[in-house]
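Please find below a short note on the structure under review. The points are numbered so that each may be considered in turn.

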Amino acid sequence: MDAFECLATKLDIRDFSQIEVPGDIKLKVLEAARLTGTGLNTQHWRFILVENKENLKRLANDSTSGNWVANCNFAIIILTNPKYHFHLIDAGRVIQSMQLAAWNYAVGSGIFTGIKEDKFRKDFGIPPEMNISAVIGLGYPLKKLFGKRKDRIPLSVLVHNEKYDASNKS
Ligand SMILES: Cc1cc2nc3c(=O)[nH]c(=O)nc-3n(C[C@H](O)[C@H](O)[C@H](O)COP(=O)(O)O)c2cc1C
């Protein structure tokens with residue numbers, strides 16, 4: 001699949017099959033993270049790979065908006081360093097890189113950001129200087145996704161020509 005098709009067909013999913021994702025695909029996803037650029041090439045991010053079923057359940061319990069992560073095949077916690085003011089831009093870029101790399105191998109993924117911070121930090125040993133930016137859960141989709149269209153605002157609303165146009169509303 002080419003890069004455009006990959007991003008055009010990728011959906012965030014929350015229902016995963018129990019088929020194991022091979023280790024070499026997991027490595028590709030992590031390598032996609034490593035290869036993504038950061039502001040000033042600081043590479044301040046760190047990733048926690050979670051594969052153990054008990055730890056996936058723990059992740060779900062430590063979440064306020066990602067219960068579904070208990071049923072994924074593996075998850076990646078994205079940590080960034082908030083001393084860099086652009087750290088959340090870096091987080092967004094690396095998350096998209098990993099999700100697209102996964103989808104290129106037919107592995108679906110979802111993301112969550114709602115966490116019970118104190119419990120999460122304790123359970124996964126996260127130091128105070130690192131920000132828990134998001135968690136992605138990955139695995140083969142339970143259902144075929146073909147035909148499901150994205151619910152998106154049209155370009156005519158999103159894109160303004162040359163200057164911001166306040167009358168250009170949805
Ligand atoms: C910054 C960000 C935070 C998100 N947080 C959550 C979340 O906490 N829980 C969740 O289930 N989905 C979360 N999502 C997934 C969005 O709901 C999803 O990307 C959006 O509905 C579009 O989905 P689609 O690409 O499948 O159409 C988040 C997405 C982004 C980009």
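1. What share of the contacts in the protein chain with a separation of 6 or more do residues 24 or more positions apart account for? The share is 78%, where two residues are in contact if their C-beta atoms, placed from the backbone, lie within 7 Å.

2. The model is predicted: local features need pLDDT of at least 70 and side-chain atom pairs count only at pLDDT 80 or more, whereas totals for chains, interfaces and linings use all residues. Residues are numbered from 1 along each chain as its sequence is written.

3. The protein chain has six helices and four strands, in the order α-α-β-α-β-α-β-α-β-α along the sequence. Helices (H or I, at least four residues) and strands (E, at least two) are DSSP runs, numbered from the N terminus.

4. Of the 170 residues in the protein chain, 26% are buried; a buried residue has 20 or more other C-beta atoms within 10 Å of its own, with C-beta atoms placed from the backbone.

5. Not counting residues up to four places away in sequence, Ala 75 touches residues including Val 50, Leu 56, Ile 136 and Leu 138.

Terms used
A residue is buried if 20 or more other C-beta atoms lie within 10 Å of its own, exposed if 12 or fewer, and partly exposed in between; C-beta atoms are placed from the backbone.
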